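The sequence and structure come first.

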Amino acid sequence: MLRLVILVSLALLGQCFENQRIIGGVESQPNAWPWQVSLQGLSGYWYHTCGGTLVHPRWVMTAGHCVDRPGLVYRVALGDHNIYETEGPEQYILIDKVVLNKHWSGDISAGHDIAMVRLAEEAVLNDKVQLGLLPPKGETLPNNYLCYATGWGYTYNGGDVSPTLQQTPIMIVDYKTCSRPDLWGYTVKDTMVCAGGDGSVSGCQGDSGGPLNCEQGGKYYVHGVTSFIYAGGCRFYMKPTVWTRVSAEIDWINEIITKG
């Protein structure tokens with residue numbers, strides 16, 4: 001999925017574009033993030049291409065740029081930790097429908113980089129596979145709010161997809177700050193969420209579509225869908241990782257789930 005981006009300063013985070021994984025993080029405990037899925041494409045074998053979030057037994061939320069290639073066969077791996085090994089809890093389910101956000105144009109700088117993919121059968125919910133909680137419509141988090149980015153993306157520039165799920169604490173950069181000219185400027189929209197930019201932690205290729213997990217009231221809510229980073233590389237100072245803001249898309253998400 002590696003493709004040229006419209007803006008030189010942007011890089012998509014899906015494996016097939018320019019795979020990215022968590023930079024500056026550590027391996028998570030197995031199934032510590034039970035709503036996290038590995039979105040996998042088929043090309044003679046199944047390979048990790050993006051992350052995603054299970055939001056309904058039949059629906060996974062991911063990035064639009066991860067699934068906007070017609071004809072590719074996808075599945076999701078649920079309850080996975082090491083994507084190169086079968087450890088027992090995994091559920092592998094084919095995708096039978098892809099719904100791109102109605103405002104997704106293929107231009108990540110325009111926003112709405114989000115899609116819903118329907119599973120061919122219901123996921124079995126248990127202690128290893130659970131639904132991600134979504135925030136209320138319109139909710140935003142304050143500057144420097146602590147969240148966690150998770151994914152199987154690269155752990156260093158030019159690396160490979162991580163075998164095991166990684167996690168890293170990452171601080172929210174609010175829209176007022178992230179849209180400053182010395183950060184992302186007009187490229188960032190208020191339908192996006194920024195975090196990181198300290199030069200130490202970031203998303204990276206392969207993390208696209210995965211969740212930005214933020215604790216509120218003792219529960220984790222998925223506030224973002226991983227979208228893009230600076231084309232100069234992961235962990236670039238003053239260039240936070242950018243997510244699609246889930247709370248800006250709640251009505252559309254619920255509409256897709258309801259329609260089935």
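Which residues of strand 5 (residues 59–62) are buried on one side, and which on the other? Trp59 and Met61 are buried on one side, Val60 and Thr62 on the other.

## Basis

This is a predicted model, in which local features need pLDDT of at least 70, side-chain atom pairs count only at pLDDT 80 or more, and totals for chains, interfaces and linings use all residues. Residues are numbered from 1 along each chain as its sequence is written, and side-chain values use heavy atoms, with hydrogens and water left out.

Buried means under 20% relative accessible area, exposed over 50%, and partly exposed in between (1.4 Å probe, protein chains only). Strands (E, at least two residues) and helices (H or I, at least four) are DSSP runs, numbered from the N terminus.

## Strand 5 and its partners

Strands pair if DSSP finds at least two bridges between them. Strand 5 is antiparallel to strand 4 (residues 46–56), with three bridges, and a hairpin of two residues joins them. His56 is opposite Trp59. Strand 5 also runs antiparallel to strand 8 (residues 115–119), through four bridges, where Val60 faces Val117.

## Rings around Trp184

Rings of Phe, Tyr and Trp (its six-membered ring) pair if their centres lie within 6.5 Å; planes under 30 degrees apart count as stacked, over 60 as edge-to-face and the rest as tilted. Eight aromatic pairs are counted by this rule. Trp184 and Phe228 are edge-to-face, because their centres are 5.2 Å apart and their planes at 90°. Both Trp184 and Phe228 are buried.
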